[in-house]
Structure formats: structure tokens, C-alpha cells
Amino acid sequence: SSDSVATLSFEEGGVLLWSAQRDTGGTWHLTEPVGREAKGWRFSGLLTDLDGLEATRFAADGDAAGPAWDERLAVYGLDTPQWEIVVTRSDGSQARLQIGDRREGEAFVVGDEVLSVSVVDDDVVEGLYLGLDDVSTPPAQELDADADTAAVP
């Protein structure tokens, strides 16, 4: 349930791009990086999209985590995911969606809860990618600097 989500974070290439937390009133705040105002509707939309994510097929299943599973993940670029979304619920539990290779209109994804590599339509996965500027507005000083730079001939 999206109502139980307390925080969201987004990593690309193992680097945290942003993290956001929902307060008790349901308002989203960007916690990393600081100084930016969150676009709350983006987080609500992301949760809706994640909830509706459906596999078109399954590429690989695992019986248990271990070396054999790690080798299967590598085939689909999931040993070093391109990016990942981490959802933390209010009870502290987490769910992670990792995005691996994307090719021929398909994206290979894996979550923490099921040992299975799912294939998802690449256009759907593209819609899940939210960079920092997608989820927040720059601080006023950045906006002022951009305006000053644009005014210089």
C-alpha cells in the first residue's frame, strides 16, 4: 500500500541521486540533497506506477540466493544494476527494485521479495526513472545563478 510508504530513494550506478521522506501529514520532503523543494505529486505518481508494474515474462528464477543466482543476475546486468528504487515502509521494512540491462524494448528487473528476473516493457521502466530535477525544484540561489548566466552575452 502506498499509504504505508515512509521514504523513497533512488540510486544510479550505486550513487544516491535523491532520497525523500513523507511526514505524518502526508507531505513529501527531499532529505538528500538538502535545500530543494520536493514535487510531492511525483512521488505519489511513482508509487502508483510501481504498484501497477507488471512483468511481460520471466527470464530466470532462483531457488536460493548464492553463487548460481549471482551468475544468473549477471546475464541480465543485475549484478551491477543501472539504477534502483528503494521503498521503506513505516514499519521499517524495505523493498528494492533494481533495473539491469535494457534491450530490444525490454528491461530486466529484480526485486528483493522474489528470486526471479522479470522482463518489463522498457517504456514502462523509462517512466520510473526520476532524476533529481524531476522530483524537486532547485534552490532559489541555483535559479538565480541560472538566470544570471543566461543574461550574460
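Predicted model: local features only at pLDDT ≥ 70, side-chain atom pairs only at ≥ 80, totals over all residues.
Visitor: Which side chain meets that of R96 in a salt bridge?
Guide: A salt bridge is a side-chain nitrogen of Lys or Arg within 4 Å of a carboxyl oxygen of Asp or Glu. Here R96 pairs with D112, with N to O at 3.0 Å. R96 sits in strand β7 (residues 94-103) and D112 in the loop between β8 and β9 (116-121), so the pair, 16 residues apart, links distant parts of the chain. The helices (H or I, at least four residues) and strands (E, at least two) are DSSP runs, numbered from the N terminus. D112 is partly exposed, at 39% relative accessibility.

Visitor: How many salt bridges does a search of the whole structure find?
Guide: The search finds seven. One of them joins E106 and R57, at 2.9 Å from N to O. E106 belongs to strand β8 (residues 106-111) and R57 to strand β5 (residues 57-61); the two lie 49 residues apart, and the pair links distant parts of the chain. E106 is partly exposed at 23% relative accessibility, and R57 is partly exposed at 38%.

Visitor: With which residue does R103 form a salt bridge?
Guide: R103 pairs with D101, and their closest N and O atoms are 3.1 Å apart. R103 has a relative accessible area of 36%, which means that R103 is partly exposed. D101 is partly exposed as well, with 24%.

Visitor: How should I read a nonpolar core, and how many residues has the largest one?
Guide: In soluble globular proteins, nonpolar side chains tend to be buried together. A nonpolar core is a set of buried Ala, Val, Leu, Ile, Met, Phe, Trp, Tyr and Cys residues joined through side-chain atoms within 4.5 Å. In this chain the largest core has 24 residues, and L8, W18, W28, F43, L46 and I85 have the most contacts inside it. Among the elements that each supply at least two residues of this core are β1 (5-12), β2 (15-22), β6 (83-89) and α3 (122-128). Helix α1 gives the most, four residues.

Visitor: Leaving aside its neighbours within four places in sequence, which residues is W18 in contact with?
Guide: Contact means heavy atoms within 4.5 Å. The contacts of W18 include L8, F10, L30, F43, L46, L130 and V135.

Visitor: What does the secondary structure of the chain come to?
Guide: The chain has five helices and 10 strands. Its C-alpha trace spans about 55 × 45 × 25 Å along the principal axes. Of its 153 residues, 35% count as buried. Among contacts between residues at least 6 apart in sequence, 52% join residues at least 24 apart.

How values were computed: Residues numbered from 1 in each chain as written. Heavy atoms only, no water. Buried < 20%, exposed > 50% of the residue type's maximum accessible area, 1.4 Å probe, protein only.
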